[in-house]
Amino acid sequence: MNRLYHESEDWVRQGACRNYDPELFFPVSTTGPGRETVELAKAICRSCAVRQECLRWALRAGEAHGVWGATTPEERRYLRRELLPAAS
Ligand code: SF4
């Protein structure tokens, strides 16, 4: 995982994505040709032991790019509106 800015989080060291190319989790788009990359990244996330921690972090941080916890930026924006109305 090439996400050093939150390496202080303990769960990061257990992320399944550490064994994959970071670019897989940052596709150029989430539609068109990028869709296949997104689905591959999501499949890795779904097998990840720290998926919930990762998603919680991305929602709290307002992470605007990449696949985190098996979600795209668009899906996280939706979740933030639904789950964290005060944060939007
Ligand atoms: S849920 Fe996905 S992005 Fe998050 S740590 Fe696991 S593999 Fe990495």
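Me: Which glycine follows α2, and what is its phi?
Reply: The model is predicted, and in it helix α2 covers residues 51-61. The residue that follows α2 is glycine 62, whose phi is positive, near 70°.

Me: How many helices and strands are in the protein, and in what order do the elements run?
Reply: The protein has three helices and zero strands. Read from the N terminus on, the order of the elements is α-α-α.

Me: What percentage of the residues of the protein count as buried?
Reply: The protein has 88 residues and exposes about 5,400 Å².

Me: Which residues of α2 are buried, and against which helix do they pack?
Reply: In α2, the buried residues are Cys54, Leu55, Trp57, Ala58 and Leu59. The helix they pack against spans residues 73-83, and that is α3.

Me: Why do the buried residues of α3 lie on the same side, and what arc do they cover?
Reply: The buried residues of α3 are Pro73, Arg76 and Arg80. An α-helix has 3.6 residues a turn, so residues three or four places apart point the same way.

Me: Against which helix do the buried residues of α3 pack?
Reply: The buried residues in question include Arg76 and Arg80. The helix they pack against is α2.

Me: What kind of aromatic pair do tryptophan 11 and tryptophan 57 form?
Reply: The structure holds three aromatic pairs. For tryptophan 11 and tryptophan 57, the distance is 6.4 Å centre to centre and the angle between the planes is 55°. An angle over 60 degrees would count as edge-to-face and one under 30 as stacked, so this pair is tilted.

Me: How many residues apart are tryptophan 11 and tryptophan 57, and are they buried or exposed?
Reply: Tryptophan 11 is in the segment before α1 (34-46), while tryptophan 57 is in helix α2, and the pair links distant parts of the chain, 46 residues apart. As for accessibility, both tryptophan 11 and tryptophan 57 are buried.

Me: What kind of pair do phenylalanine 26 and tryptophan 68 form?
Reply: Phenylalanine 26 and tryptophan 68 have ring centres 6.4 Å apart. With 85° between the planes, the pair is edge-to-face.

Me: Which residues do ring pairs link into a cluster?
Reply: The tryptophan 11 and tryptophan 57 pair is one part of it. The cluster linked by ring pairs consists of Trp11, Phe26, Trp57 and Trp68.

Me: How far apart in space are proline 22 and glycine 66?
Reply: Proline 22 lies in the segment before α1 and counts as partly exposed at 28% relative accessibility. In sequence, proline 22 and glycine 66 are 44 residues apart. In space, C-alpha to C-alpha, the distance is 9.6 Å.

Me: How many residues surround the ligand, and which are the closest?
Reply: By class, the shell has eight nonpolar, two polar and two charged residues. Twelve residues surround the ligand, and the closest are Cys17, Cys45, Cys48, Cys54 and Gly69.

Key: Residues numbered from 1 in each chain as written. Predicted model: local features only at pLDDT ≥ 70, side-chain atom pairs only at ≥ 80, totals over all residues. Heavy atoms only, no water. Near = heavy atom within 4 Å. Nonpolar A, V, L, I, M, F, W, Y, C, P; charged D, E, K, R; others polar. Helix = DSSP H or I, 4+ residues; strand = E, 2+ residues; numbered from the N terminus. Buried < 20%, exposed > 50% of the residue type's maximum accessible area, 1.4 Å probe, protein only. Areas by Shrake-Rupley, 256 points an atom, 1.4 Å probe, with all protein chains shown as cover. Contact = heavy atoms within 4.5 Å. Phe/Tyr/Trp six-rings, centres within 6.5 Å; stacked < 30°, edge-to-face > 60°.
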